[in-house]
Amino acid sequence: MNTKELQLTAERNRLRLVDVVYHAHAGHIGGDLSCLNVLTALYFDEMRGLSPETPKHPDRDRFVLSKGHCVEALYVTLESKGFLNPATLDTLGQLGSILSGHPTIEVPGIEVNSGALGHGLSIGTGMALAAKMDGRSWRAFVLMGDGEQGEGSIYEAAMAAHRYELDNLVAIIDRNHLQISGDTEDVMPLESIEERWTAFGWDVKRMNGDSMDDIVRTLRSIDYTNQHPHLLISETTKGKGVSFMEGVAKWHHGVLNAEQHRQAMEEITARIKEMEEAL
């Protein structure tokens, strides 16, 4: 896919996401929307060996959603990749569904139970180290939230990843600047992220996570032979793609009413139509 096709895929997934969250009456839609472009780029352009026909292929790249409360974005991505069928995704929020509010290994395409914040990077570090020890070529990708960066276990994993020269590990921070309590710099200041992670021995890049062109360019620029783990600071907008949600903290875990659902669906549908006509 080229970047225009990837952006169209992301918008179709965005439309599906809004509808699924609305009908489930639950979900962390603000963070779902901010990380959806990155998930689309990972699953449809960057990560290798992912196939619903062979979900446990030994040489597949691994993905860990450390910010597991944004699992709805992962669900729609897995559906569009063919791991989940629409009938299953439609059960989100219903009694007996295999889909819960955090990733679980019951769901096809999900590698590990996650969402207890601060644990994902440790898991990804272990995965990347296992690949090195076994002489395998697959890579581990971990998506974290910026509010999650207050968890101390992240920095233990960061030190270990540097110690073992895990250049097959890519950590991504969804830097939307908002967490459930408000602005991250008011709750627990994070900057300078570059200086902190560079001091830990990581290869650090900052990218525009709202721009598919910049996401793809940045992912493709990673040097997987430099003996340093990689951190991508993905500058994003909370609630990206829905005008009344963008940059508004309450949509961290907001539930749409019928009118908001209609408005959001119309906005995204209009963008999809424009993109389809331009291709």
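At 44% relative accessibility, Asp 90 counts as partly exposed; the term covers values between buried, under 20% relative accessible area, and exposed, over 50%, with a 1.4 Å probe and protein chains only. The model is predicted, so local features need pLDDT of at least 70 and side-chain atom pairs count only at pLDDT 80 or more, while totals for chains, interfaces and linings use all residues. Residues are numbered from 1 along each chain as its sequence is written, and side-chain values use heavy atoms, with hydrogens and water left out.

### Salt bridges

A salt bridge is a side-chain nitrogen of Lys or Arg within 4 Å of a carboxyl oxygen of Asp or Glu. By this rule the count is 21.

| Pair | N to O distance |
|---|---|
| Asp 90 and Arg 16 | 3.0 Å |
| Arg 136 and Asp 59 | 2.7 Å |
| Glu 111 and Arg 60 | 2.7 Å |

The side chains of Asp 90 and Arg 16 meet in a salt bridge. Asp 90 lies in the loop between helix 4 (86-89) and helix 5 (120-134), and Arg 16 in helix 1 (residues 3-24), so the pair ties together parts that are 74 residues apart in sequence. Helices (H or I, at least four residues) and strands (E, at least two) are DSSP runs, numbered from the N terminus. Arg 16 is buried, at 18% relative accessibility.

Arg 136 forms a salt bridge with Asp 59. Because Arg 136 is in the loop between helix 5 and strand 2, and Asp 59 in the loop between helix 2 (29-46) and strand 1 (62-65), this pair links parts 77 residues apart in sequence. Arg 136 is partly exposed at 37%, and Asp 59 is partly exposed at 31%.

Glu 111 and Arg 60 are both buried. A network of salt bridges links Asp 146, Arg 175, Glu 185, Glu 191, Glu 194, Arg 206 and Glu 235.

### Strand 3

Seven of the seven residues of strand 3 (residues 169-175) are buried, so the strand is largely enclosed by the rest of the structure.

Two strands pair if DSSP finds at least two bridges between them. Strand 3 pairs in the parallel sense with strand 2 (residues 140-145) over six bridges, and Ile 173 is the bridge partner of Met 144. Six bridges also join strand 3 to strand 7 (residues 230-235), again in parallel, with Ser 234 as the bridge partner of Asp 174.
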